[in-house]
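Subject: Structure handover

Hello,

Here is the structure I said I would pass on.

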Amino acid sequence: MSEKFPSKEQAINFLRESGCPENVIKHCEAVADLAVEIAKKCLEKGVNVNLELVEMGALLHDIGRAKTHSVHHAVIGAQIAKTLGLPEPIITIIKRHVGGGITAQEAKKLGWPRDVYTPQTLEEKIVAYADKLIEGSKRVPIEETIQKFSRELPPPAIARIKRLHKEMSALIGDCK
């Protein structure tokens, strides 16, 4: 496993070569732009964050959508990233970006391997949060995402998204 991060061009090539449609690539680019913006706000406030990891993790977070658009894209994406030899921190971002995270109990029900699927590091949280603020390639208010997800996900999953929003808002303020 390499510890060297790919360049932006290499990351986009990984998405294309894996079979991600252009709309997914545009989404990943929009999430990366917002994630980098959030990470820079963290740095301005004196909070240490790995900007390069945030950008590459955000660019590659949906690589699993080359194979499926279901929730399983996180686990499949992590598998694709491993076969590409990507650094473990990027693989972890891919694995942990869905919703506000997937609990161990939910992961077991989904048939996923035993692992941690909730964002733990600041970089993981930034990518998961930025992903909730981008619909397609357009920035949307968190309230819109919560409303949309409320029709699809159980209340505990919505509560995790709200906690992520509260944590990120406390750190960087409102992200509009």
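This is a predicted model: local features need pLDDT of at least 70, side-chain atom pairs count only at pLDDT 80 or more; totals for chains, interfaces and linings use all residues.

Residues are numbered from 1 along each chain as its sequence is written, and side-chain values use heavy atoms, with hydrogens and water left out.

Side chains of opposite charge can pair when their charged atoms come close. With a salt bridge taken as a side-chain nitrogen of Lys or Arg within 4 Å of a carboxyl oxygen of Asp or Glu, the count is nine. Three of them are described here, including one between Arg 139 and Glu 37, at 3.0 Å from N to O. This pair joins distant parts of the chain, 102 residues apart: Arg 139 lies in strand E2 (residues 138-139) and Glu 37 in helix H2 (residues 22-44). Helices (H or I, at least four residues) and strands (E, at least two) are DSSP runs, numbered from the N terminus.

Arg 139 is partly exposed, at 34% relative accessible area, and Glu 37 is partly exposed at 30%. Buried means under 20% relative accessible area, exposed over 50%, and partly exposed in between (1.4 Å probe, protein chains only).

Glu 106 and Arg 160 form another salt bridge, their closest N and O atoms 2.7 Å apart. Arg 160 is buried, at 9% relative accessibility.

Asp 131 pairs with Lys 132 in a salt bridge at 3.5 Å between the closest N and O atoms, and both residues are buried.

Regards
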